[in-house]
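Subject: Structure handover and notes

Dear colleague,

I am passing on the structure below, together with notes on what was found in it. Please read the notes with the coordinates open beside them.

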Amino acid sequence: RRPQVHSLQELRRSASLATKVFVQRDYSEGTTCQFQTKFPPELESRIERQLFEETVKTLNGFYAEAEKIGGSSYLEGCLACATAYFIFLCMETHYEKVLRKISKYIQEQNEKVYAPRGLLLTDPLERGMRVIEISIYEDRCSSGSSSSGSSSSSSGGGGGVGGR
Amino acid sequence: MSVMVARKKVVRKWEKLPGRNTFCCDGRIMMARQKGIFYLTLFLILGTCALFFAFECRYLAVQLSPAIPVFAAVLFLFAMATLLRTSFSDPGVIPRALPDEAAFIEMEIEATNGTVPQGQRPPPRIKNFQINNQIVKLKYCYTCKIFRPPRASHCSICDNCVERFDHHCPWVGNCVGKRNYRYFYLFILSLSLLTIYIFTFNIVYVALSEFGCRDGCNPRLFPVLNCVLTVLEVLICFFTLWSVVGLTGFHTFLVALNQTTNEDIKGSWTGKNRVQNPYSHGNIVKNCCEVLCGPLPPSVLDRRGILQQEESAAQEETCTRGPAAQEPSAAQGPFSTVIFLQVPVPSPSNTEMPEEKQLPAGELPIPSQDTGQAEH
């Protein structure tokens, strides 16, 4: 089994940034935080469509969970109001807990899926929840690693990626 | 200048944030630049309550019930807590787009509209979205270089885009937006109750001490001073009642319909040619629950994050209470200024600059400031 060609640290050191793609917000459900699952054409050759869509759909699911209006969120709101919001000095809100889960998920996705393909996801929280920034790196490593990088994407790309 | 010694100084992100906000306590507190009226609010509340506790309560606690000052104290503490929370918290400011993102959006806009020949006015930058079967337009903010989310608006006083922008309130010294609207509502509600409470018990006090003096009641010390102070309190409460209670009623109406002051003033959802409010659940209880008890998103500004920089001694020391945008950051300041100066004036129907100066009932008009310009 071929070891991972790019680790996250290697990527940052050895590769140079080629371009960035920004996945915009999807406001069709209202003002809740959701991102568009439309596949950006710049990623066509770098990653499989299903992997990308799965990442965005999982992120959307997390945000929906954070902003869910239901019994537990009302309880939290009422309890906070009753304590004149002093309770937030010692307690974390549900939203913050989910945001921590999201950043762990993004780091995990970066290590497992995106960095081997020369891509890097940025947590939307660092961009004001406006966009998911995907940095595309050009590989300056040895030709061996770059060809294995492209061959991995082409061998896995039989599913949905157009012929490149 | 002084000796150039490169030393590592911890610079937090709030020191480099654009916009016209003031930061205190090393970034923990965030307010608008003009705080004079906020101090007046504090003075009025603290002063009136101090007088009430010092004079009337002592009499009423003995004559009627000790529960009276206790309840007043609870109301007072709640009102102060919600006031400070409204004033000091981030209303939901949307950080400005970084240069890469702004360039990407510009490219997208050009791709959809086509490049405009020199000298011609570009078409207005608007994107249409469909929310719950209604078409909602997203406007492009020239200052922040983003397409504003629905219900967001650019506050010309604080020079920030704020999510679910309600209005800029000089009495609390901050914008009222998504993150602090519930605190603002609870503040005006508790202040209304406190005002009514103090007003009522002042009347009771006057009535009791003038007409109902039973055997053994203590004669008032300093009767003239007492009289003057009571009248003063009654006057303050009377004027506060009319404005604050009215405002509370107005905001209760807005909460029940899930609207913002901004939308109400612009008439976004009224009139037969306009779309209906797509954010309302149609049910008053549900709307109230969502606005007041819904999940609270944390601030995305990251004011206390550390900027990884090595500062030399020659760089100006940013003081902790200073306004944030005196030295625009190298990446954003000059860039946004240059772009702003080159953008032709948008057509009047789409102008985004002076529209945020609104005067909801009860708020003082503010001298208009230069809108949308980055600080030099």
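How many salt bridges does a search of the whole structure find over all chains? The search finds 14 salt bridges, a salt bridge being a side-chain nitrogen of Lys or Arg within 4 Å of a carboxyl oxygen of Asp or Glu. Before the details, please note that this is a predicted model, in which local features need pLDDT of at least 70 and side-chain atom pairs count only at pLDDT 80 or more, while totals for chains, interfaces and linings use all residues. Residues are numbered from 1 along each chain as its sequence is written, chains are lettered from A and ligands numbered from 1 in the order in which they are written, and side-chain values use heavy atoms, with hydrogens and water left out.

Salt bridges

In chain A, the side chains of K20(A) and E133(A) meet in a salt bridge with an N to O distance of 3.2 Å. K20(A) lies in strand β1 (residues 16–24) and E133(A) in strand β3 (residues 131–138) of chain A, so the pair ties together parts that are 113 residues apart in sequence; helices (H or I, at least four residues) and strands (E, at least two) are DSSP runs, numbered from the N terminus. K20(A) counts as buried at 18% relative accessibility, and E133(A) counts as buried at 3%, where buried means under 20% relative accessible area, exposed over 50% and partly exposed in between (1.4 Å probe, protein chains only).

K101(A) forms a salt bridge with E65(A), and the closest N and O atoms are 3.3 Å apart. Since K101(A) belongs to helix α4 and E65(A) to helix α2 (residues 49–66) of chain A, the pair ties together parts that are 36 residues apart in sequence. K101(A) is partly exposed, with a relative accessible area of 38%, and E65(A) also counts as partly exposed, at 28%.

In chain B, E163(B) forms a salt bridge with K178(B), with 3.3 Å between the closest N and O atoms. This pair links distant parts of the chain, 15 residues apart, with E163(B) in the loop between β10 (160–162) and β11 (167–169) and K178(B) in the loop between β12 (174–176) and α4 (181–211) of chain B. E163(B) is buried, with a relative accessible area of 19%, whereas K178(B) counts as partly exposed at 26%. Finally, salt bridges that share partners join K20(A), R127(A), E133(A) and D100(B) into one network.

Helix packing

The axes of α2(A) and α4(A) come within 9 Å and cross at roughly 170°, axes being lines fitted to C-alpha atoms, for helices over the stretch in contact, and angles running from 0 to 180 degrees between N-to-C directions. That makes α2(A) roughly antiparallel to α4(A), the word for angles over 145 degrees, while those under 35 count as roughly parallel, 65 to 115 as roughly perpendicular and the rest as oblique. The contact (heavy atoms within 4.5 Å) involves residues including F52(A), L59(A), F62(A) and E65(A) of α2(A) and V98(A), K101(A), I102(A) and Y105(A) of α4(A).

In chain B, helix α1 (residues 36–63) and helix α2 (residues 67–88) pack at an angle of about 170°, with their axes 10 Å apart. That makes α1(B) roughly antiparallel to α2(B). Among the residues that make the contact are L42(B), I45(B), F52(B) and F53(B) of α1(B) and A72(B), F76(B), M80(B) and L83(B) of α2(B).

Loop residues

T93(A) is found in the loop between α3 (71–82) and α4 (94–114) of chain A, and counts as buried at 7% relative accessibility. Leaving aside its neighbours within four places in sequence, T93(A) is in contact with E76(A), F88(A) and L296(B).

M129(A) lies in the loop between β2 (119–122) and β3 of chain A and is buried, with a relative accessible area of 8%. D26(B) has its place in the loop between β3 (21–24) and β4 (29–32) of chain B and is partly exposed, at 24%.

Best regards
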